[in-house]
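Dear colleague,

Please find below the structure that I am handing over to you, together with its sequence.

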Amino acid sequence: MDEPRPLRVGVFSTKPYDVAALSRANSSTGHELLFHTSMLDPVTAQLASEADVVCAFVHDDLGTRTIERLALAGIGLIALRSAGFNNVDLRAAREHDISVVRVPRYSPHAVAEHTMGLVLSLNRQIHRAYARVRENNFSIEGLLGFDLFGKTVGVVGTGEIGTSFARICTGMGMRVLASDPDPHDTCVDMGVSYVPLGELLEQSNIVSLHCPLTPDTHHLINATQLSAMQDGVMLINTSRGGLIDTRAAIDSLKTGKIGYLGLDVYEEEEGLFFEDLSSSVIEDDVFSRLLTFPNVLITGHQAFFTHEALEEIAATTIESISAYAAGAPLEHAV
Ligand code: NAD
């Protein structure tokens, strides 16, 4: 293996916390990090002309046109600072001989714990109680919850995050059902029962999505699947917005079929999430409708956002870039 040579890395969608974590991880490696606050797309791809590698995040557009431009700029590696890679045209990347790496397990606990945070907040209405108490309103009317102990939770996708979430649920005395084309022994060993998706939806009081967004899983939860669920079901999505048909979810909220909806992701979140739009008019009427329901709790794609996860994302990203620089095998290639 050759000694790694320092590379120039065009880092897109950079926030101050990315600069801090990546700079720390890079301190002993010496790659030149060129930070850009812009999102990567076919236009901003020209900023990559000074780089050897681009480093991108979940909203960066790595579709065919961007990849073509990155290829023209001589980019050989796309290093994703995320586990999901649904925003990358992998076929175009292969055609242009551009490798793609991701960070597969930076902290499954971060996302799993946030998922449970949504479950607990929705169930016990902590988000509403917080606002009431700030107004000196100490009435508990309307805040009635239910015991999680003994309830059934359905985990769709039991990879790193789904398994971590299943562990939390079993620890709380819940019955855990799972659906995954590739069942995991760790889950079976902790007492999780694998069942077909239809059965999971029928039996679960809470359904939590942890599978990747692919053409096959787009709108995995649609009107038909929603109608199979229990009345008043709690639906949680901390994976990718496109897994749920949002309009169908709104219809189910109106009828009471969905009793609680917790989202950390939204299918049209690009341009919304990660930005401070508090002085702007939100033009997305579907999103605005979601915000009107008292039993909907939305966070802006922050499930990954812990100190541990940021450090791990940065460390793995820099390691992958160094491996590429040295011509070594890319452990986290997609
Ligand atoms: P993973 O690759 O470890 O696990 C994904 C699992 O989903 C695998 O076991 C796979 O077999 C299963 N799967 C695939 N298709 C399925 C289907 N149709 N039905 C059921 N299961 C299916 O991934 P992970 O690290 O656990 O992450 C899961 C997802 O979480 C990622 O794809 C990403 O989109 C999302 N994510 C969100 C955040 C956040 O901040 N909100 C952070 C990290 C990851």
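On a 1 Å grid over the protein atoms alone, a cavity is a set of points where a 1.4 Å probe fits but cannot get out, a pocket is an open set with protein on both sides within 12 Å along at least five of seven lines, and lining residues have an atom within 4 Å of a point. Grid points are joined across faces, edges and corners, and a volume is the space filled by probe spheres set on the points.

The model is predicted: local features need pLDDT of at least 70 and side-chain atom pairs count only at pLDDT 80 or more, while totals for chains, interfaces and linings use all residues. Residues are numbered from 1 along each chain as its sequence is written, and side-chain values use heavy atoms, with hydrogens and water left out.

**The cavity**

At least two of the lining residues come from each of helix H10 (246-255) and strand S11 (258-263); helices (H or I, at least four residues) and strands (E, at least two) are DSSP runs, numbered from the N terminus. By class, seven residues of the lining are nonpolar, three polar and one charged. Here Ala, Val, Leu, Ile, Met, Phe, Trp, Tyr, Cys and Pro count as nonpolar, Asp, Glu, Lys and Arg as charged, and the others, Gly among them, as polar.

Around the ligand are 25 residues, of which Tyr-106, Glu-160, Ile-161, Asp-180 and Thr-238 are the closest; a residue is near a molecule if one of its heavy atoms lies within 4 Å of it. This shell comprises 10 nonpolar, 10 polar and five charged residues.

- A backbone N or O atom of Glu-160 is 3.0 Å from a ligand oxygen atom.
- A polar backbone atom of Ile-161 lies 2.8 Å from an oxygen atom of the ligand.
- A polar side-chain atom of His-184 is 3.4 Å from an oxygen atom of the ligand.

On its own the ligand has 870 Å² of accessible area, and the protein covers 84% of it (Shrake-Rupley method, 1.4 Å probe).

The volume of the largest pocket is about 980 Å³. It is lined by 43 residues, and His-210, Cys-211, Pro-212, Leu-213 and Ser-239 are the closest to its centre. Helix H4 (108-124) and helix H6 (160-171) are the elements that give two or more residues to this lining, with the largest share, three residues, coming from H6.

**The second largest pocket**

The second largest pocket holds about 280 Å³ of space. Among its 23 lining residues, Ser-13, Lys-15, Asp-18, Phe-57 and Arg-81 are the closest to its centre. H1 gives the most to this lining, with four residues.

Yours sincerely

Terms used. A polar contact is a pair of N or O atoms within 3.5 Å; within protein, one must be able to donate a hydrogen and the other to accept it, and residues adjacent in sequence count only if both atoms are side-chain atoms.
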